[in-house]
Amino acid sequence: MRVLGIDPGLRNTGWGVIDQRGSRLGHIANGICHSSGETLAERLLSLHIQLTEIVARYAPEAAAVEQTFVNRDAAGTLKLGQARGIALLVPAQAGLEVGEYAPNAVKKAIVGVGHADKRQIDHMVRLQFPGIEIAGADAADALAIALCHAHHLAGGARLAAALARAGA
């Protein structure tokens, strides 16, 4: 299964694509969408166009987006939420189900602790995919989101198989 992870941001939206074959995971690509335009609408459109091209190019079968955390700056949180809306919309337009994960859940799944910093995320992603070039911290976060989703999908598949064997 091919999984797209998206780390939404209004200026920089990280993305990462991985393949999952059984218990094996492989890196396909990663990058950062840099929004352009003077108005909020133009910047959101720019992110939509870029993410749509990524979905068309890499044909993921599943997607995951990091949930927005609320900070002290309400206006900044609202703008981040609008970028997150684009990150949810694009895979949904392609017919994909989209998983959503809190930042702490992603960190715990990848690093083992829910309050890991960006360096720890980057380090663990590089351990998972030795020798890859990561486009930046936002791309590393997006790969971590994709890994988290792949782990959850695999766990769900194992549970379904166990229930089928048990006759439930």
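What follows covers the annotated residues and then the pocket.

This is a predicted model, in which local features need pLDDT of at least 70, side-chain atom pairs count only at pLDDT 80 or more, and totals for chains, interfaces and linings use all residues. Residues are numbered from 1 along each chain as its sequence is written, and side-chain values use heavy atoms, with hydrogens and water left out.

The unreviewed UniProt entry places a "binding site" feature at Asp7 and Asp138; such annotations may be inferred rather than shown by experiment.

Asp7 lies in strand β1, residues 2-7 (strands are DSSP runs of E, at least two residues; helices are runs of H or I, at least four). With 7% relative accessibility, Asp7 counts as buried (under 20% relative accessible area, 1.4 Å probe, protein chains only). Beyond four places in sequence, contacts of Asp7 include Glu66, Asp138 and Asp141 (heavy atoms within 4.5 Å).

The largest pocket holds about 390 Å³ of space (the space filled by probe spheres set on the grid points). A pocket is an open set of points on a 1 Å grid where a 1.4 Å probe fits, with protein on both sides within 12 Å along at least five of seven lines. Of its 21 lining residues, the closest to the centre are Asp7, Glu66, Phe69, Lys118 and Asp141.

Conventions:
Buried means under 20% relative accessible area, exposed over 50%, partly exposed in between (1.4 Å probe, protein chains only). On a 1 Å grid over the protein atoms alone, a cavity is a set of points where a 1.4 Å probe fits but cannot get out, and a pocket is an open set with protein on both sides within 12 Å along at least five of seven lines; lining residues have an atom within 4 Å of a point.
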